[in-house]
Amino acid sequence: MKNVIEATGLVKKYGEVIALDGLDLAVSEGSILGLLGPNGAGKTTAVSILTTLLQPDSGSATVAGADVLKSPGEVRRSIGLSGQYAAVDEHLTGYENLDMIGRLYRLGRRRSRTRAHELLKIFDLTEAGGRPVKTYSGGMRRRLDLAGALVADPPVLFLDEPTTGLDPRSRIELWGVIRDMVARGSTLLLTTQYLEEAEHLADQIMVIDHGREIAYGTPDHLKTLVGGERMEVTLASAEDISQSQEVLGRYTVGDLTVDERTRKVTGPISGGTPVLTEALAALYEAGIGLHDVGLRRPTLNDVFLSLTGEAAEPTENSATAGDSVEIKKGKGS
Amino acid sequence: MLAKRNLIKIKRVPEVLVFVLISPIMFVLLFAYVFGGSIDIPGGSYREFLIAGIFAQTVVFGATFTGAGLAEDMQKGIIDRFRSLPMSQSAVLVGRTASDIAYNVLTLTIMGLTGLLVGWRMRGSFWDGLTGFGLLLAFSYAFSWVMAYVGLLVPSVEVVNNASFMVIFPLTFIANTFVPVENLPSVLKTFAEWNPISSVTQAVRDLFGNIPLGTPDPTAWPLQNPVLYSLIWSVVIIAIFAPLSSARYRKAVKRG
């Protein structure tokens, strides 16, 4: 399979901050690569370099056979980009936004118009097409922005966190649209902070942090590294922590995480609810009382814990191993 | 195409239009009636003297649209999209500055009509009058490139507005826009004489035939050759700021 996107040794520094630290990547024709990482991992910087918006300090990249540094014009002819922020003009209507992009691609007046109408229809925006974008909801803006990336039907697409900030329903709708796009043969590089999103959409996932690759493979491969579901129990009494670890350790397939403050014990299991039931029965027999219990899917944070032994974005109280941490939101990328 | 986008905005954001239209009317009326009575221009009417100055000041302020518009597009990431398209890299800037001309034509029309209502008349020939308007547009177009650079340089729309206010206000007041330069203290007088806004005003005033009879001939070269001096400034400004802005644009990228 031919690689449509290829990058070697990309390095980009902003002053002291190293955004990319020798990143290599390759995406073969007609496939989806999911670039997964927390805020500030270098995802957007990588996309900006591959879409000719930014020059790397060193390294090289080709997109659709054209060198991003030597022939950026040629690269731009074969790509569509939808950035992290819906880059649509609020004062224009949805239709006018798409028509304008078509004209800027030099599609000609008639083709731009037809294409704008087609895309509004595909993205379920026909009704809203005549209204100024400032009246749109967040999900509608994102759909319009995505439509903008598809105006010229480019063979290579870059979507930078396409669903960040969307409600779950809009997110699932958008996934459907993205899958349809790629089913028609496009090659796609997608960045995301959500493991679930990468699993849903990507053929290959690359986990990056601090501008470096820390894992690469198919979603299944990644799952074997990370483990499947998490069993999470909240103990009634902190005195039971060590005993519960001993009991639960018999059912989990990896290391347990303990949060002393919230009395939460978490561990990966394989086998779903039957295993959970057995584990609960064992806890009951041991006389350990529970406040809450559940199964949950691994998050980006679990991926980082499994792959690096560190949380995605360490908070101050997470320095000692075994503490549970939450991904801090809101830091700029 | 991009100019059209900016013009649609006038229609969609009537607040801007109101500002564009009302502020010149307000200026003409304020100066005509508030200062008109107390400022005496020997041998002529202050209102006629004033119009050219207000025209010049307003078109220079019009250039702020370019700066503010570009800063907004940068903030929203729209420039990122444009830069990822296979289009001429200068199109965004040219479209932006070109749409300022349209704003200014509109503004000048409104101001001209208001001027006529308060008693201003063009006393020169039709062609001279047209040349006057042409000169105003040429200079304001050049100034749009300055604001384009500013817009790409600073982080937000608010900064553009504040910065341009701080520069444009003194620039348009330390000039012959509202008072004859002869009455200014010496340092300010020299500044005003060489200020391109003075020469634009002088040229327009002259072409409109609004220089009162008996006004002493200006002593400074720029005011003796106002049309030439204004055109030189316009060309020099474009020659410096168009390449600067384009270079800046090529590196411009939204930083989240």
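Predicted model: local features only at pLDDT ≥ 70, side-chain atom pairs only at ≥ 80, totals over all residues.
1. Leaving aside residues up to four places away in sequence, Phe55(B) touches Leu108(B), Met111(B), Leu136(B) and Val204(B). Phe55(B) also belongs to the largest nonpolar core, where it is listed with Leu50(A), Leu189(A), Ala56(B), Leu136(B) and Val204(B) among the residues with the most contacts inside that core.

2. Is Leu130(B) buried or partly exposed? Leu130(B) counts as partly exposed, because it has 13 C-beta neighbours inside 10 Å, and a buried residue needs 20 or more. In sequence, Leu130(B) stands 77 residues from Leu207(B), while the C-alpha atoms of the two are 8.6 Å apart in space.

3. Next, the packing of α7(B) against another helix. The axes of α7(B) and of helix α12 of chain B, residues 226-251, come within 8 Å and cross at roughly 25°. Because angles under 35 degrees count as roughly parallel, α7(B) is roughly parallel to α12(B). The crossing of these two helices is left-handed. Sorted by class, the residues of the contact between α7(B) and α12(B) are 20 nonpolar, 3 polar and 1 charged.

4. The axes of α3(A) and helix α4 of chain A, residues 109-122, come within 8 Å and cross at roughly 135°. How does α3(A) lie relative to α4(A)? The angle makes α3(A) oblique to α4(A), and the crossing is right-handed.

5. The residues of this pair can be named. On the α3(A) side they are Gly94(A), Tyr95(A), Leu98(A), Asp99(A), Gly102(A) and Arg103(A). These meet Arg111(A), Ser112(A), Arg113(A), Arg115(A), Ala116(A), Leu119(A) and Leu120(A) in α4(A). By class, the contact holds 5 nonpolar, 3 polar and 5 charged residues.

6. The two chains touch: 27 residues of chain A are in contact with 18 residues of chain B. On the chain A side, α1 (43-50), α2 (72-78), β6 (79-82) and α3 (94-104) each supply at least two residues. Helix α3(A) gives the largest share of that side, 4 residues. The chain A side divides into 11 nonpolar, 11 polar and 5 charged residues.

7. Some overall values for chain A complete the note. Chain A contains 11 helices and 14 strands. Its C-alpha atoms fill a box of roughly 75 × 45 × 35 Å along the principal axes. Chain A has 333 residues, of which 44% count as buried. Among contacts in chain A with a separation of 6 or more, 66% join residues 24 or more positions apart.

How values were computed
Residues numbered from 1 in each chain as written. Chains lettered and ligands numbered in written order. Core = buried A, V, L, I, M, F, W, Y, C linked by C-beta atoms within 7 Å. Buried ≥ 20, exposed ≤ 12 C-beta atoms within 10 Å, placed from the backbone. Contact = placed C-beta atoms within 7 Å. Nonpolar A, V, L, I, M, F, W, Y, C, P; charged D, E, K, R; others polar. Axes fitted to C-alpha atoms, helices over the stretch in contact; angles between N-to-C directions. Parallel < 35°, antiparallel > 145°, perpendicular 65-115°, else oblique. Left-handed = near helix turned anticlockwise from the far one by under 90°.
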